[in-house]
Amino acid sequence: MNFQQLKYVRAAVQNNLNLTEVANVLFTSQSGVSKQIKELEAELGIEIFVRRGKRLVGITKAGENVVKVINSLLAEADNLKRLSQQFTQEDRGRLVVAATHNQARYVIPPALLHFTRLYPEVEVELRQGSPQYVADTLARGEADIGIATEAVDDFPELDTHPCFTWEHVVVVPAHHPLLRIGNPGLADFAAYPIITYNPGFSGRSKIDAAFAAAGLRPDIRLTATDADVIKDYVQLGLGIGIVAEMAVTGEVREGLVPVPGSNAPFGVSTTKVAIPRGVLLRNYAYRFVEELAPHLDHAVLSGASRRPSPAARPQAPLPFVNWRELHAPRGNLTLVSSG
């Protein structure tokens, strides 16, 4: 039994039992992968995979338990490597962050600017996608940290922690009739075509739930994953926009303004940071988490401590409107923000 065989089994599971894809990912031959897996099965005296001819078509009951142990062994082996790097390469390395567009566009920039000043020799790779993509990428071990509002809580193999809370706001062109209403509500918004996020993005479920609870069926004219795209079409006059408040905070966009008080009907959403459960990250990775959520203690996140550090820290995520105070100063970078 060797680690290469264990890696082949893990890769087979991660790549939907497609040995051709496994061979491509691991830069080896398909026959070599198949041979190593069969040798491991022979040594263990059990079949890990169900086969149809030469193809893997499923995982046996015994194989399900073997896969769990293999994942645990390989995770601990990776932890051992990271542990040694903490001492030999304390401030050097690579950090992969998976995030939704809004987080990457609005929240991460000021945090990353400060982080790179602290760790100039750490290479950061930012991977953008849907909340499901963020969670899947983390669960597959292809990213160190994930930042999203949805999906990450649905994966038991991930530990999630709240970063900050935020709300939706309605944005309209200047001089829009909604700006002349003293206290506009959902019925006022439903009177116009609406441009907002795709289902599954940036708290869209809270928007739908708010209208449904009020017995309203809004005219969702256009949806997008990107708040900037939503705002562009609002500027064109296609409808009113509902976006995360972070997408308009601190931003000056000619002819486009948020409707005062429009945040009230949609409830509060929470942006979360997620890390793979049981994985020991490099110290600088935990430091990056602290950039996004100062109330989290990296010693507790890493398992080095069971109690918060004695330093004064807020014990709960703050609303986004207070987020800049937590991270200031950030040099000359103007903070815009996420959802």
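**Working chat: buried rings, a loop and a pocket**

Colleague: Phe-164 first. Buried or exposed?
Modeller: Phe-164 counts as buried, because its relative accessibility is 1%. Buried is under 20% relative accessible area, exposed is over 50%, and partly exposed is in between, with a 1.4 Å probe and protein chains only.

Colleague: What are we working from?
Modeller: This is a predicted model, where local features need pLDDT of at least 70 and side-chain atom pairs count only at pLDDT 80 or more, while totals for chains, interfaces and linings use all residues. Residues are numbered from 1 along each chain as its sequence is written, and side-chain values use heavy atoms, with hydrogens and water left out.

Colleague: Fine. Where is Phe-164?
Modeller: Phe-164 sits in strand β6. Its C-alpha is separated by 7.4 Å from that of Lys-272, which is 108 residues away along the chain. Helices (H or I, at least four residues) and strands (E, at least two) are DSSP runs, numbered from the N terminus.

Colleague: How many helices and strands does the protein chain have?
Modeller: The protein chain has 12 helices and 11 strands. Of its 339 residues, 43% are buried.

Colleague: And what share of the contacts comes from residues 24 or more positions apart?
Modeller: Among contacts with a separation of 6 or more, 73% are between residues 24 or more positions apart. Contact means heavy atoms within 4.5 Å.

Colleague: Where is Leu-178?
Modeller: Leu-178 is in the loop between β6 (158-173) and α7 (186-190). Its relative accessible area is 1%, so Leu-178 is buried.

Colleague: What is Leu-178 in contact with?
Modeller: Leaving out neighbours within four places in sequence, the contacts of Leu-178 are Val-170, Val-172, Pro-184, Asp-188, Phe-189, Tyr-192, Ile-240 and Val-259. Val-259 is 81 residues from Leu-178 in sequence, with 7.1 Å between the C-alpha atoms.

Colleague: Change of topic, aromatics. How many aromatic pairs are there?
Modeller: The whole structure has six aromatic pairs. In one of them, Phe-115 and Tyr-119, the ring centres are 5.1 Å apart and the planes are at 35°, so the pair is tilted. Rings of Phe, Tyr and Trp (its six-membered ring) pair if their centres lie within 6.5 Å; planes under 30 degrees apart are stacked, over 60 edge-to-face, and the rest tilted.

Colleague: Are those two residues buried or exposed?
Modeller: Phe-115 is buried at 0% relative accessibility, and Tyr-119 is buried at 14%.

Colleague: What about Phe-115 and Phe-288?
Modeller: Phe-115 and Phe-288 make an edge-to-face pair, with 5.3 Å from centre to centre and 85° between the planes. Phe-115 belongs to helix α5 (residues 101-118) and Phe-288 to helix α10, so the pair links distant parts of the chain, 173 residues apart. Ring pairs join Phe-115, Tyr-119, Tyr-284 and Phe-288 into a cluster.

Colleague: Why is α10 described as largely enclosed?
Modeller: Because eight of the 10 residues of α10 are buried, the helix is largely enclosed by the rest of the structure. The buried ones are Tyr-284, Ala-285, Tyr-286, Phe-288, Val-289, Glu-290, Glu-291 and Leu-292.

Colleague: Now the other end. What is the span of α1?
Modeller: Helix α1 covers residues 3-14, 12 residues in total, and reaches 16 Å from first to last C-alpha, close to the expected 16 Å. The expected span is 1.5 Å times one less than the number of residues. Buried in α1 are Gln-5, Leu-6, Tyr-8, Val-9, Ala-11 and Ala-12.

Colleague: What follows α1?
Modeller: Asn-16 follows α1, with a positive phi near 55°. Most residues other than glycine have a negative phi. Asn-16 is in the loop between α1 and α2 and is exposed, with a relative accessible area of 71%. Leu-17, in the loop between α1 and α2, also has a positive phi, near 65°. Leu-17 is buried, at 15% relative accessible area.

Colleague: Last one. What is the volume of the largest pocket?
Modeller: The largest pocket has a volume of about 1400 Å³. Of its 41 lining residues, Arg-10, Gln-14, Asp-78, Arg-140 and Gly-141 are the closest to the centre. On a 1 Å grid over the protein atoms alone, a pocket is an open set of points where a 1.4 Å probe fits, with protein on both sides within 12 Å along at least five of seven lines; lining residues have an atom within 4 Å of a point. The volume is the space filled by probe spheres set on the points, which are joined across faces, edges and corners.

Colleague: Which element gives the most to the lining?
Modeller: That is α4, with 11 residues.
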